[in-house]
Amino acid sequence: MSDCLFCKIIAGEIPTTKVYEDDKCLAFLDIAPMAPTHFLVIPKQHFASAAEVTEENEALIGHIYTVIAKLAKEQGFADGYRVVTNVGELAGQTVHHIHFHVLSGKQLGSFN
Ligand code: 5GP
Ligand code: ZN
């Protein structure tokens, strides 16, 4: 989608610090980190949120969790981390291209 911030990041039009990339997904540091480790993992295929997960794209979501588990082991935070995906503005979603926040490196608080 031409007007999507994260599609622009995938296209290389907006610079980021890449953590991981393959043919299906990209991981990059969040510009406003909420924890010592805070990166986002996004599929290269655009869809708005987890509310649009279907049988057609469920394998992609599984792949993203596999990538996150590998990165956690490689980067040494597999003992404790949080994966968050916000769905809709009421949940705080500001970029409408599905993304998974990965947070670690400090004691994380409870949800509210
Ligand atoms: P949301 O609030 O939609 O769940 O998360 C969007 C995230 O994208 C936020 O944590 C925000 O800091 C991050 N973000 C927004 N714009 C940019 C950007 O241009 N570059 C990077 N690296 N992160 C961004
Ligand atoms: Zn997009």
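Which helices and strands each supply at least two residues of the lining of the largest pocket? In this predicted model, local features need pLDDT of at least 70 and side-chain atom pairs pLDDT 80 or more, while totals for chains, interfaces and linings use all residues. Residues are numbered from 1 along each chain as its sequence is written, and side-chain values use heavy atoms, with hydrogens and water left out.

The elements in question are α1, β2, β3 (37-43), β4 (82-84) and β5 (100-104); helices (H or I, at least four residues) and strands (E, at least two) are DSSP runs numbered from the N terminus. The largest share, 3 residues, comes from α1. A pocket is an open set of points on a 1 Å grid over the protein atoms alone, where a 1.4 Å probe fits, with protein on both sides within 12 Å along at least five of seven lines; lining residues have an atom within 4 Å of a point. The volume of the largest pocket is about 750 Å³. Its lining comprises 31 residues, with D30, A32, M34, H38 and H101 nearest the centre. By class, 16 are nonpolar, 12 polar and 3 charged.

Ligand 1 sits in this largest pocket, meaning that more than half of its atoms lie within 2 Å of the grid points. Around the ligand are 16 residues, of which L29, D30, N86, T94 and H101 come nearest; a residue counts as near if one of its heavy atoms lies within 4 Å. The shell has 8 nonpolar, 7 polar and 1 charged residues, and both α1 (5-10) and β2 (25-29) supply at least two of its residues.

Taken alone, ligand 1 exposes 520 Å², of which the protein buries 82% (Shrake-Rupley method, 1.4 Å probe).

Technical notes: Chains lettered and ligands numbered in written order. Nonpolar A, V, L, I, M, F, W, Y, C, P; charged D, E, K, R; others polar. Points joined across faces, edges and corners; volume = space filled by probe spheres on them.
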